[in-house]
Structure formats: structure tokens, C-alpha cells
Amino acid sequence: MAIQFGAPRMKLERTLENSLRATAFLWPLWVVGISVGGYSFTGATLFLVVLGFLVILRGRFWTQTLRVGGAFLIWVLLSVFLRFSVDSYILSWLGLGAVLLPFFGTYPSGIRARPILDALYWGCLVSFGFAAYELALSFVSLPPLKQIFPFGLWVKGRTHEFLGLTRVKATMAEPAHYARYLVLAYAILDTATLYGYQIRRKFLFGLVWIAALLSTLSLSGIILGFVYLGTAFLVRWQHGLQRLLTTRLWISAFLLPLIFFVSLHAAGTAPSDLYNLFIRRLEQVVEVIQFGIIVGSEGGRVQSTLILFRYFAEQDLIHFLTGEGWAHHDEWLVEKYGYLPEDLTSFARGDLHNAYSVVGISTGFVGLSLFLRFVWNILSSRLRPVPIPIAATWLVARLGSGYVIWATVWIPLLLSSLIFKDLFYENSGD
């Protein structure tokens, strides 16, 4: 059911579709972006905000998300109202509202999925070009990309190296960010093939995708890739769609990493370094959970999930329900862990690597419940269904990233809900 207000009836289908296409294409291109008030404002963010204004202009709203999302935004505001000065949270609250607003509206049936998928595909290809150049820096003396394109948000990102290789981040600020983008973008494109969409040179595209993902050397990103591949396999197998699986790509998903590691070893990388690259890090994850370690990369990331349960267990009733106040979770972390050196643990800097913990500690149990309900409405709606493999991948991705108001967090959900709505009805003959 949609709530309709009295805005003039306008033909916004093409404007909405073009904005969605621009959002899909610009999603990875942080080379087009600036920082405003400490917040990242990319080209994709701009078009996501435009979509929100178009939703208001169209005046037709999706009842379920409007109610739950509106309640969440109100609760976020109540969690800080009269507790902190307005300037300490207002920009963050407005940013949250801006990225959630596009989910509140209904979209006309005339929006076509295929042009949006094409834009997503070409955005991937552009990022592949930057990734290839960045990978070549490990073998050839070339000027860094920052010197060639000295603008955009990505220039603030640090150059990461491991085993003598430059960790690829392509057009984004961090290798892990690019890895998450690669997995979610491929998940959308690959799932769309079940509904008749054709990826140009799919096998070659898949090989380049795997190579780019490996080149990020992001453990969380590679695990996320297997989350999607595994979930997609199980869902398709359950529905008797084995024939639609690209067998060569699945084999390559296991063969290419083997070739990758053998090549590193042939180039002089010690077996111990190869072991430490992934296996030792997985062992450290187990140790972090077993002994409650909070220092180091693995400690900060794993404990970012577990700390939410400890927070709820230690609080009085008021803080259990309302949290520390929106955009003030960092103050609680610094107060509790600030005695540790900042280079040892992200907690000493006030950083969390888990979106659910950020929401829970900031807005309490009530805020976290509203947030999860809002996400559930998006994922499970019959009006705009998000396929299970994409939904599972997105949910797991939030376990490794503490960003909530970034446009890049919400873009895959918005695109998926609209793309598969159109493809579903197109294939159902409606």
C-alpha cells in the first residue's frame, strides 16, 4: 500500500531511472567526490540524495518503510535530544535521513532494470582499469594514480603494501572498501543472469573479478566473496537451477587463488609469508574470540561484534534502551579503552568495524531493533524483493564495516530492490 500526497503529477520515470543509472555507475568511483564536514560525498552520494528529493516530489510513499524508517530516525534524534549540543549530531542525523529517504518512496513500474545493470557493469569495468594500473605498480615503475588524478576522496587513502605487492583499492580509499564493492556488485550482476540478463563476456568478466578481488589482499572481502558464492550455490541448487551455474567460474574461484599463491612463491615469497597472509590471520580470529583480545587488526574487527553484547550486559536500563546517543558511541569507546595506544586498537580511537554495534551502542536496544526491522522490511518485501544471496552478503558485509550513513552502504540494497522487482515481473509475464 502506498501513501499518496498532493504533489503535482509529473512524469519522473526517466529522471528516476537516469539517477539510478548514474548511482550504479558512480558507486565505486571515489575519484569523483569531496569531503563535506568530515563526511564523504561522492558522485553516487549526490545522485542518491537526488533520488530522495525525487521521491518527495513524486509524493508516493511505501507505508512499511516509511513507518519503521521514520520511527528509527525519530528515535535516533531522541537518543541525543537534550543530552548533547545540536552541532554534535545534526549533520550525522541529516546524512542518515538523506541516505534512507530513497527507500521511503514507491517507484513507477516504467523503471527498467537492464539500463541500470548496464551502468553497474560499466562502472565495474572502469574500476578494473584503475585496479590493473595499481597492480602494475608492483612490477613496473609508474607514477602513482594519485599523481595522475590528484582529486577526489581516494587521494586521502593510504597506499597499502603486503608481500611486496601494492594492495589494490582502485578508485576507492581502502582495499577493503573496494573488495566489498566488488562482491556486492558482482552479486547483483550474477543474480540478474537468472532472470535473463546477459553479462558481456561473462567468463572473462568473472576471471577479472576474481583477480581484482584477490589483488585487494582483503581477508574480509575474500571471505565475503565466498559467502556470496556459497549462498548462491545453495539457493540455486535448492531450486534445481544447477544448469545456470557457470562451472568454469566456480572452478576458477578455487584455481585462481592457487595460481596466485604459487606465483607469489615463485617470485621469492617465503612460504611462511604466504601462510601468514590468510591462514595465520584466520587462526588469530579464533584466538581473539577465545582470549578476548582487542589489539591488532583482527582484535578490533572481531571484538567490534562482541562488544555490543558486553555493552548491553553492563548498562543500566536507560542506557540499555537509549544507548550513548547517536554519533557518540566513539566517546564511550575512548572513555573505556582510551588508556591503550591508538596504534594498538581501533577502540582507543573510537572506531568500530560493525554497523550493528555502532547503531546498538549509539541508540540502544530500541534503536537497534528499529534499524533491524527497517532492513528486514527492505529485504523481505514482496513489493521489492531482494534475492537471498544478495541479502545474506549485504548483512554479512555490515559485520565488517562500521559505516552507517555512507551511501555506498545502502546503494546495493536500493539497486537490488528495484532491479529485481522489474526483472521478476518481466519474467513472470506480468
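Trainee: Which residues in α8 meet Tyr121, Cys124, Leu125, Phe128 and Leu135 in α5?

Mentor: This is a predicted model, in which local features need pLDDT of at least 70, side-chain atom pairs count only at pLDDT 80 or more, and totals for chains, interfaces and linings use all residues. Residues are numbered from 1 along each chain as its sequence is written, while side-chain values use heavy atoms, with hydrogens and water left out. Helices (H or I, at least four residues) and strands (E, at least two) are DSSP runs numbered from the N terminus, and contact means heavy atoms within 4.5 Å. The residues in α8 that meet those of α5 are Phe205, Val208, Trp209, Ala212 and Ser215.

Trainee: How many residues of the contact of α5 with α8 are nonpolar?

Mentor: Ala, Val, Leu, Ile, Met, Phe, Trp, Tyr, Cys and Pro count as nonpolar, Asp, Glu, Lys and Arg as charged, and the others, including Gly, as polar. In this contact no residue is charged and one is polar. The nonpolar residues number nine.

Trainee: Which term describes the orientation of α5 to α8?

Mentor: Helix α5 (residues 113-136) and helix α8 (residues 202-215) pack at about 50 degrees, with axes 10 Å apart; axes are lines fitted to C-alpha atoms over the stretch in contact, and angles run from 0 to 180 degrees between N-to-C directions. Angles under 35 degrees count as roughly parallel, over 145 as roughly antiparallel, 65 to 115 as roughly perpendicular and the rest as oblique. The angle therefore makes the orientation of α5 to α8 oblique.

Trainee: Is Leu217 buried or exposed?

Mentor: Leu217 is found in the loop between α8 and α9 (219-238), and its phi is near 50 degrees, a positive value in a residue other than glycine. With a relative accessible area of 3%, Leu217 is buried.

Trainee: What is the relative accessible area of Ala327?

Mentor: Ala327 lies in the loop between α14 (317-322) and α15 (329-337), with a positive phi near 70 degrees. Ala327 is partly exposed, with a relative accessible area of 26%.

Conventions. Buried < 20%, exposed > 50% of the residue type's maximum accessible area, 1.4 Å probe, protein only.
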